[in-house]
Amino acid sequence: MNDRQVEAEQRVTPLELFFDLVFVFAITQVTGFLAENSTWLGLLRGLMLLAALWWAWAAYAWLTNTLNPEEGAVRLAVFGSIASMLIVSLAVPNAFGADGVTFGVAYFIVRALHLVLYAIAGKGDRELLRAVLRIAPPAVLAPALIILAGFLDGAPQIAVWGVALAVDYLAVLIGHMRGWRVSPAHFVERHGLIVIIALGESIVAIGVGAAGQPLNGGEIVAALLGIVVVAALWWSYFDWVIFVGQARLAEASGMVRAALARDLYSYLHLPMVAGIVLFALGMKTTLADVENPLPTIPAIGMFGGLALYMFAHVALRLRLRGGLGRGRPIAMVVLIALLPLAMVVPALVSLGLVAVVCAALIAYEAIRHRFERAWIRSRRGAFTTEEAERAGARARNPRRRA
């Protein structure tokens, strides 16, 4: 099987969306965990939970990019994965306590079924089967360590969790990507949908934070400012970034394409999603009390989370060899600089500040790069690097553009 065969028209299936519904619940559980454990240790644990959940979801995104999940016994196995992921999500609130072993065992089942399904996909494709066998040891060891962590507590538990995550994330990073298949359109669509799911969590946080509160002027303004930020985050990703990623994946092939997909999506989309989840924590806290300053961890969530989201975009651009850029790095630095202010001014003012930063970024990019973004959007990911470079040259030279 070659890259051209994989590129046959492929769209996200209803069963994949069904699987993602459980991941929606998992993200909500992580946000709730962070809200209930607004300490430095709670923040660390919450991010560890999100990293483990993300890696499981990313593994299935690669799987369903290769294997049709809706046919025969594969469908039943995916349903088993969905059921196991639901148990994982239910165990999130006490994953570092009474439900630690339950979380670990259910997580192990999710990852084991993934390997079984990938072995099925590798029948008749020796290179793919070899690739699956290469990841099998870390894919078994990491969940096993999380089960072990369920029997521990305190610093040893955190250390074992850290080792488990390091095994998962580093094993794929240091290994070559020979044998993996990537269908660009499907892969990009799947990750775009998960970004929408994460943004939806921010909207849910607005509703949860306002629940039980009188709907006064402050709460209404906070809800509207929250939508401004969420809309800006949506714009920053779906206006042109999603098309550039798809174009570069389609242009590459073989191991280069697989490595690019790994870096841009499996790795760099994690800080994007984490940043959105942290912002949701800040939103939830703000809606509950718009008049007082944000506590330390929710303030870090609001400003640091958005800065983390911007950092992921900057890193993605660098991985695509598109340069550092201006707007997003500056927005990231401004958000970090404003963080101390968030702990002394009312939460509503803090939310207003991040809304101004995000809206200003979008306005700057829409005006400064109006030709480039219009060109990218008109082609919807169907262009090459050489064509994009020529378009950029025309944008910088008004005479050539005319």
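S84 touches A106, I109 and V110, where residues up to four places away in sequence are not counted and contact means heavy atoms within 4.5 Å. S84 is found in helix α4; helices here are DSSP runs of H or I with at least four residues, numbered from the N terminus. At 10% relative accessibility, S84 counts as buried, the term for residues under 20% relative accessible area, with exposed meaning over 50% and partly exposed in between (1.4 Å probe, protein chains only).

The model is predicted, so that local features need pLDDT of at least 70 and side-chain atom pairs count only at pLDDT 80 or more, while totals for chains, interfaces and linings use all residues. Residues are numbered from 1 along each chain as its sequence is written, and side-chain values use heavy atoms, with hydrogens and water left out.

Helix α4 also holds F79, which counts as partly exposed at 35% relative accessibility. Together with F18, L21 and L76, F79 makes a nonpolar surface patch of about 410 Å². The elements that give two or more residues to this patch are α2 (14-36) and α4 (72-91). Patches of this kind are made of residues with over 30% relative accessible area and no salt bridge, nonpolar side chains (Val, Leu, Ile, Met, Phe, Trp, Tyr) being joined within 5 Å and like charges within 9 Å. The accessible areas come from the Shrake-Rupley method with a 1.4 Å probe, and for residues only the protein chains shown count as cover.

When neighbours within four places in sequence are left aside, the residues in contact with W180 are W62, Y118, L128, A131, V132, R134, I135 and A258.

Charged side chains form a further part of the picture. Side chains of opposite charge can pair when their charged atoms come close. A salt bridge is a side-chain nitrogen of Lys or Arg within 4 Å of a carboxyl oxygen of Asp or Glu, and by this rule the count comes to 11 salt bridges. In one of them, D20 pairs with R190, the closest N and O atoms being 2.8 Å apart. Because D20 lies in helix α2 and R190 in helix α8 (residues 184-210), the pair ties together parts that are 170 residues apart in sequence. D20 counts as buried at 1% relative accessibility, and R190 likewise counts as buried at 1%. E16, D20 and R190 are linked in a network of salt bridges.

Another salt bridge joins D168 to R111, with the closest N and O atoms 2.8 Å apart. This pair links distant parts of the chain, since D168 is in helix α7 (residues 154-174) and R111 is in helix α5 (residues 100-121), 57 residues apart. Both D168 and R111 are buried.

R377 forms a salt bridge with D239, and here the closest N and O atoms are 3.6 Å apart. The two residues are 138 residues apart, R377 in helix α16 and D239 in the loop between α9 and α10 (241-251). R377 counts as partly exposed at 30% relative accessibility, whereas D239 counts as buried at 5%.

Helix α15 (residues 347-368) has 22 residues and reaches 32 Å from its first C-alpha to its last, close to the 32 Å expected at 1.5 Å a residue; the expected span is 1.5 Å times one less than the number of residues. Among its buried residues are A347, L351, C358 and E365. The buried residues of α15 pack against α9 (217-238), α12 (269-288), α13, α14 (327-342) and α16 (370-379).

Helix α13 (residues 296-319) contains A315, which is buried with a relative accessible area of 17%. In the loop between α13 and α14 lies R321, which has a positive phi of about 60° although it is not a glycine. R321 is exposed, with a relative accessible area of 76%.
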